[in-house]
Amino acid sequence: MQDEKPDNDNPTSPPSFSVERVGSPINPGGRSYILLPLVLFSLLLIVAIFYLPEWLPKANNTALPAPEPVTSKLEDSPFQDAQLAKARREAQDVLQQLLTVQQELENIAVQRWAEESFQQALQFAADGDSYYQQRQFTQALAQYQTSLEALQSLQTQGQQVLEAALNDGQAALANDDVDAAIQAFELAYAMAPEQEAAVSGLQRAQNLPALLKLLTASQYAEEDGKLDDAIEFANQAHGLDSMHLGASQTLARLQQNKLDRLHRRYMSSGLSALANNDTQQAIDAFTQALHLKPKDQDSLDAMRQAKSKQLAQRIALLMQDGQTLEASEQWPEAIERYKQADALQSGLVQVRVALLRAQARAELDELLSARLAAPLALRDERHYANAAELLDQASRIKQPGPRLSDQIDDLQHLLIQARQPVTVQLLSDKQTQVQLFKVGGLGVFDSKQIQLYPGKYILQGTRAGYRDVMHEFVLQAGEAATTISIRCTEKIGSI
């Protein structure tokens, strides 16, 4: 290309790229501050190109002499100048894009993962500066475009690098590779400090050395039989990184070991208590075991066995109490015990038999007590027969207690006395008609002696013109002869 004429209306100095600044340190957030002078310089360049000619003072046309007619051939090249101006503007447009991409790459720490490629791309831009300074704008545009494409390629590659760094970091954490994890997540954090995966990953990687030490301490404690200490170390490790698989598995295993050990202790205690017939202590121990392992079949079976045995013990105790009460002939209390036993487990033959026996004896005791309480009723033949039958029933009891034996003797004595007559001497006035209820008429008499069984009797005396008289008396068994006077002496209508 032929030498290009200088353009007096526009500056010829483009924004230059300094390759020396590549590789300079970045701030902790991955941002570079060295670009600021370059950006300011580029802005001043644009202002100088487009606005400076407008600000310069214009020549006073009135002070200039009139131009002489040009008779020679013009040496200016307007078309070529226009092409150069166009190329210059295009170069400046590409340059602005290039600067933006460069800044974005530096923001994602390109120097840490593509230093050589980044410097090569900037070298293309530096070469473009050289062409630009020589007013070879077309060549400058080509170099800038090459640099831009190279930087854009790195920009596309950056996302892949970030993803790879995060994946490598996770793999290193899974393998407990401290150095590789820190290296990977430091790169990810430098590229994307706002990304949670990079922040948390770096934190996990930095905690990994302490976590591994705690897991080692947990292992040693477990080997020494110090399970609680081992769990404490594992719990601290899990607290440093709850996502660490080894820490989570170790803590879960140790906690399960402790649970198993405690469960075995409760089961052993319960079985020992069961063997000693201490069913309540056994049930308490099995309850604790089931609290730890609600679905453990051995614990469930042991609990059923303990409850069954306790139930049998309670029934046996109630039966024993009932038998003791039977022996002392406390039949209502014995019945209550047997009913309680039947309520615990209905249908037990021995309980039903004992209950029926106690109820029969209670009924017999009640009948005997009632009969002995009313001896005078034995005067009635029907009551006497019932009493005799009751006596026969009671006498068939093979092992009567003291109370029943006394009742049998008392009733037998009453029955004998009930058929031993008592002498009664009746006195009257030969004018009063005397009648003995439930025995018959006795007529009129002065004196009459009769024999009556023990019991309750009523005499009635009647006489024409006189008020009737009634006399009630009771004859006790074994009583001496009794004298009774019966006369009608009160006239009807007399004052």
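Q: How do I read the pair H12 and H13: parallel or antiparallel to each other?
A: Angles under 35 degrees count as roughly parallel, over 145 as roughly antiparallel, 65 to 115 as roughly perpendicular and the rest as oblique. H12 and H13 are roughly antiparallel. This is a predicted model: local features need pLDDT of at least 70, side-chain atom pairs need 80 or more, and totals for chains, interfaces and linings use all residues. Residues are numbered from 1 along each chain as its sequence is written, and side-chain values use heavy atoms, without hydrogens or water.

Q: At what angle do helix H12 and helix H13 pack?
A: Axes are lines fitted to C-alpha atoms over the stretch in contact, with angles from 0 to 180 degrees between N-to-C directions. Helices are DSSP runs (H or I, at least four residues), numbered from the N terminus. H12 (residues 297–327) and H13 (residues 331–344) pack at about 165°, their axes 8 Å apart. Their crossing is left-handed (the near helix is turned anticlockwise from the far one by less than a right angle).

Q: Which residues of H12 meet H13?
A: Contact means heavy atoms within 4.5 Å. In H12, Leu311, Arg314, Ile315 and Leu318 are among them. Partners in H13 include Trp331, Arg337, Tyr338 and Leu344. The contact of H12 with H13 divides into 10 nonpolar, 3 polar and 5 charged residues (Ala, Val, Leu, Ile, Met, Phe, Trp, Tyr, Cys and Pro are nonpolar; Asp, Glu, Lys and Arg charged; the others, Gly among them, polar).

Q: How do the axes of H15 and H16 cross?
A: Helix H15 (residues 381–395) and helix H16 (residues 402–418) have axes that come within 10 Å and cross at roughly 150°. That makes H15 roughly antiparallel to H16. The crossing is left-handed. H15 contributes residues including Tyr384, Leu390 and Leu391, and H16 residues including Leu404, Ile408 and Leu411. This contact of H15 with H16 has 11 nonpolar, 2 polar and no charged residues.

Q: Which residues touch the most other members of the largest nonpolar core?
A: A core is a set of buried Ala, Val, Leu, Ile, Met, Phe, Trp, Tyr and Cys residues joined through side-chain atoms within 4.5 Å. Of its 46 residues, those are Leu105, Val110, Trp113, Phe118, Tyr144, Leu151 and Leu154. Helix H6 (137–174) is one of the elements that give two or more residues. H6 gives the most, with 13. Another core, of 15 residues, lies apart and includes Val422 and Ile450.

Q: Is arginine 204 buried or exposed?
A: Buried means under 20% relative accessible area, exposed over 50%, partly exposed in between (1.4 Å probe, protein chains only). Arginine 204 is buried, at 11%. It lies in helix H8 (residues 196–223). Arginine 204 touches Gln170, Leu173, Asp241, Met243 and His244, leaving aside residues up to four places away in sequence.
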